[in-house]
Amino acid sequence: MDAERYRYLAEGNAKQARKRVAADLLVRDPEGRILLVDPGYKPQWDLPGGMAEANEPPTVAARRELREELALDIEIGRLLYLEWVPPHDPWDDQLAMIFDGGTLTGEQIGSLRIADEELTGFDFVSVSDAAGLLRHYVHRRLTAAMEAQAAGTVAYLESTEPRLGES
């Protein structure tokens with residue numbers, strides 16, 4: 001590529017928007033309960049996963065976060081849910097994803113441990129119990145991801161909900 005064309009493309013890249021990317025996982029136990037984590041820095045429970053680092057693929061981010069938080073390394077399955085989240089509070093817009101984390105074996109469940117001080121707990125809960133632990137929009141994401149998993153599709157949403165105070 002010639003230098004002038006390269007400069008033109010680099011300038012365009014520098015001016016284009018950057019998106020924050022959240023990569024979470026739908027992980028179950030053999031009874032079908034959902035793995036949730038309790039991050040001490042948030043008001044309610046959450047799905048395992050987290051924010052992608054610069055230039056990190058979302059599946060790599062989800063796998064890294066699970067390894068860092070719960071000392072669990074698993075293969076990441078297909079995308080189940082994608083949501084565009086508008087800017088809110090101090091945050092720019094975001095792409096929120098949920099990937100299939102599969103069903104853990106008894107041995108994998110037995111090896112789970114809090115490996116990161118960000119977490120204060122984790123548990124497998126029923127879908128109905130998850131509703132009382134998760135922020136309403138995270139529960140909506142979970143429900144849509146489970147429906148997409150059952151249907152063999154991907155759920156997509158462009159959120160318009162205000163999130164003041166719910167970062």
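**Terms and values in the model**

Modeller: Of the 167 residues of the protein chain, 41% count as buried, where buried means under 20% relative accessible area, exposed over 50% and partly exposed in between, with a 1.4 Å probe and protein chains only. This is a predicted model, in which local features need pLDDT of at least 70 and side-chain atom pairs count only at pLDDT 80 or more, while totals for chains, interfaces and linings use all residues. Residues are numbered from 1 along each chain as its sequence is written, and side-chain values use heavy atoms, with hydrogens and water left out.

Colleague: How many helices and strands does the protein chain have, and what pattern does it follow?

Modeller: The protein chain has 5 helices and 7 strands, in the order α-β-β-β-α-β-β-α-β-α-α-β along the sequence. Both are DSSP runs numbered from the N terminus: helices are H or I with at least four residues, strands are E with at least two.

Colleague: What makes the length of helix 2 agree with its number of residues?

Modeller: The expected span of a helix is 1.5 Å times one less than its number of residues. Helix 2 (residues 58–70) has 13 residues and should therefore span 18 Å; its end C-alpha atoms are 18 Å apart, which agrees. Just after helix 2, alanine 71 has a positive phi of about 55 degrees.

Colleague: Which residues of helix 2 are buried, and what do they pack against?

Modeller: The buried residues are Ala61, Ala62, Arg64, Glu65, Leu66, Glu69 and Leu70. They pack against strand 1 (20–28), strand 2 (34–39), strand 3 (49–51) and strand 6 (119–125); contact means heavy atoms within 4.5 Å.

Colleague: Why is leucine 66 called buried?

Modeller: Leucine 66 has 0% relative accessibility, so it counts as buried. Not counting residues up to four places away in sequence, leucine 66 touches Leu25, Pro48, Ala71, Leu72 and Ile74.

Colleague: Why does glutamate 56 count as buried, and which side chain does it contact?

Modeller: Glutamate 56 counts as buried because its relative accessibility is 14%. This residue is in the loop between strand 3 and helix 2. Its side chain makes a polar contact with that of arginine 64 at 2.8 Å. A polar contact is a pair of N or O atoms within 3.5 Å; within protein, one must be able to donate a hydrogen and the other to accept it, and residues adjacent in sequence count only if both atoms are side-chain atoms.

Colleague: What makes aspartate 93 buried, and which side chains does it contact?

Modeller: Aspartate 93 has a relative accessible area of 10% and is therefore buried. It lies in the loop between strand 4 (79–85) and strand 5 (94–103). Its side chain makes polar contacts with the side chains of lysine 19 (2.5 Å) and tryptophan 84 (2.8 Å).

Colleague: What lines the second largest pocket, and how much space lies in it?

Modeller: About 250 Å³ of space lies in that pocket, and its lining includes Lys19, Glu56 and Asp92. On a 1 Å grid over the protein atoms alone, a pocket is an open set of points where a 1.4 Å probe fits, with protein on both sides within 12 Å along at least five of seven lines; lining residues have an atom within 4 Å of a point. Grid points are joined across faces, edges and corners, and the volume is the space filled by probe spheres set on the points.
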